Amino acid sequence: QVQLVDSGGGLVQAGGSLRLSCAASGRTFIPSTVAWFRQAPGKERELVAAITWNSIKTYYGDSVKDRFTISRDNTKNTGYLQMNSLKPEDTAVYYCAAGAQLYTGSLARLGPVDFGSWGQGTHVIVSS
């Protein structure tokens, strides 16, 4: 089982940027799809972005397209989410997740049940 630690959240003004990191340990996460989910108070956990094990395919939710960028460095066992032009509606707890090993299908079809490893969550608060 891969253990994940996510970090990089904080308080930022609207229009600002943050970079979230997801550090994996315990075993390599190379075969795993890496994803970022977020959950705002009173809302369901939603898939924000995902990247295949070989970085060939990426997915972004409609609300974050052209603002967020997901990436990974398999040599460092670390995933990243660069968030630019942040909006108050981006306020949520962000979770990194790893799973769906060697997945080659549509990343948009993945949900929380497809991921077996989760970070503890990092808070992102965007003030207006």
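These legends walk you through several close-up views of one predicted model. Residues are numbered from 1 along each chain as its sequence is written, and side-chain values use heavy atoms, with hydrogens and water left out. Because the model is predicted, local features need pLDDT of at least 70 and side-chain atom pairs count only at pLDDT 80 or more, while totals for chains, interfaces and linings use all residues.

**View 1**
Start at R67, in the loop between β6 (58-60) and β7 (68-73). Strands here are DSSP runs of E with at least two residues, numbered from the N terminus. R67 counts as buried, at 10% relative accessibility; buried means under 20% relative accessible area, exposed means over 50%, and partly exposed lies in between, with a 1.4 Å probe and protein chains only. Leaving aside residues up to four places away in sequence, R67 touches Q82, M83, N84, S85, L86, K87 and D90, where contact means heavy atoms within 4.5 Å. A polar atom of the R67 side chain lies 2.9 Å from the backbone oxygen of S85. The side chains of R67 and D90 are joined by a polar contact of 2.7 Å. A polar contact is a pair of N or O atoms within 3.5 Å; within protein, one must be able to donate a hydrogen and the other to accept it, and residues adjacent in sequence count only if both atoms are side-chain atoms.

Side chains of opposite charge can pair when their charged atoms come close. A salt bridge is a side-chain nitrogen of Lys or Arg within 4 Å of a carboxyl oxygen of Asp or Glu, and by this rule the count comes to four. R38, E46, R67 and D90 are linked in a network of such bridges. E46 meets R38 at 2.7 Å, N to O; E46 is partly exposed at 34%, whereas R38 is buried at 6%. D90 meets R38 at 2.9 Å, N to O. This pair links distant parts of the chain, 52 residues apart: D90 sits in the loop between β8 (78-83) and β9 (92-99), and R38 in strand β4 (residues 33-39). D90 is buried, at 1% relative accessibility.

**View 1. The salt bridge of K65 and D62.**
Here the side chains of K65 and D62 meet in a salt bridge of 3.2 Å, N to O. K65 is partly exposed at 43%, and D62 is exposed at 67%.

**View 2. An open sheet.**
Four strands form an open sheet in the order β1-β3-β8-β7, with antiparallel pairing. Two strands pair if DSSP finds at least two bridges between them. The edge strands are β1 (3-7) and β7, each pairing on one side only. Five bridges join β1 to the antiparallel strand β3 (residues 18-25), and D6 stands opposite C22 in β3.

**View 3. Nonpolar cores.**
A nonpolar core is a set of buried Ala, Val, Leu, Ile, Met, Phe, Trp, Tyr and Cys residues joined through side-chain atoms within 4.5 Å. The largest has 27 residues, of which W36, F68, L81, M83 and Y94 touch the most other members. At least two residues of this core come from each of β3, β4, β5 (46-51), β7, β8, β9 and β11 (122-127). A second, separate core of nine residues includes F37, A50, A100 and L107.
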